[in-house]
Amino acid sequence: PLKAFLNEVSLFPVNSHVRLNNGFKGRVISVNRRHPLSPVLEILYDSEGRKTEEGFQIDLVLNPLLHIEKCIQPEKEAN
């Protein structure tokens with residue numbers, strides 16, 4: 001029962017916002033059950049804080065040098 005529960009719960013759930021060790025900021029768009037610390041991210045901001053092109057994705061399973069440093073609050077869009 002515990003293993004089944006842990007397979008359904010993720011440290012980084014879909015739509016959570018995170019910062020990577022390279023300074024990029026993104027949003028979790030898919031969770032990998034076999035590698036719970038390596039979700040697929042949509043990168044929203046580069047290391048300089050500039051908004052990236054829509055659809056720029058990184059699968060952390062395929063990029064072993066990258067990892068999530070911490071969860072962050074979503075950036076507020078300026079109107």
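A salt bridge here is a side-chain nitrogen of Lys or Arg within 4 Å of a carboxyl oxygen of Asp or Glu. By that rule the count comes to three, and each one gets a close-up below.

This is a predicted model, where local features need pLDDT of at least 70 and side-chain atom pairs count only at pLDDT 80 or more, while totals for chains, interfaces and linings use all residues. Residues are numbered from 1 along each chain as its sequence is written, and side-chain values use heavy atoms, with hydrogens and water left out.

**View 1. R19 and E69 join up across the sequence.**
The closest N and O atoms of the R19–E69 salt bridge are 3.2 Å apart. This pair links distant parts of the chain, with R19 in strand β1 and E69 in strand β5 (residues 68–72), 50 residues apart. Strands (E, at least two residues) and helices (H or I, at least four) are DSSP runs, numbered from the N terminus. For accessibility, buried means under 20% relative accessible area, exposed over 50%, and partly exposed in between (1.4 Å probe, protein chains only). R19 comes out partly exposed at 26%, and E69 is partly exposed at 45%.

**View 2. E42 reaches R27 in a salt bridge.**
Here the N to O distance is 2.6 Å. E42 sits in strand β3 and R27 in strand β2, so the contact ties together parts 15 residues apart in sequence. E42 counts as buried at 14% relative accessibility, whereas R27, at 23%, is partly exposed.

**View 3. Strand β3 pairs with β2 and with β4.**
Two strands pair if DSSP finds at least two bridges between them. Strand β2 (residues 25–30) runs antiparallel to β3 over five bridges, and K25 has Y45 of β3 as its bridge partner. With strand β4 (residues 57–59), β3 makes three bridges, again in the antiparallel sense; E42 stands opposite Q57 there. Strand β3 (residues 40–45) is mostly covered, with six of its six residues buried.

**View 4. D46 and R50 form a salt bridge.**
Their closest N and O atoms lie 3.0 Å apart. D46 is buried, with a relative accessible area of 14%, but R50 counts as exposed at 53%.

**View 5. N15 has a positive phi.**
Most residues other than glycine have a negative phi. N15 is not a glycine, yet its phi is about 80°. Look for N15 in the loop between α1 (2–8) and β1 (17–20). At 48% relative accessibility, N15 counts as partly exposed.
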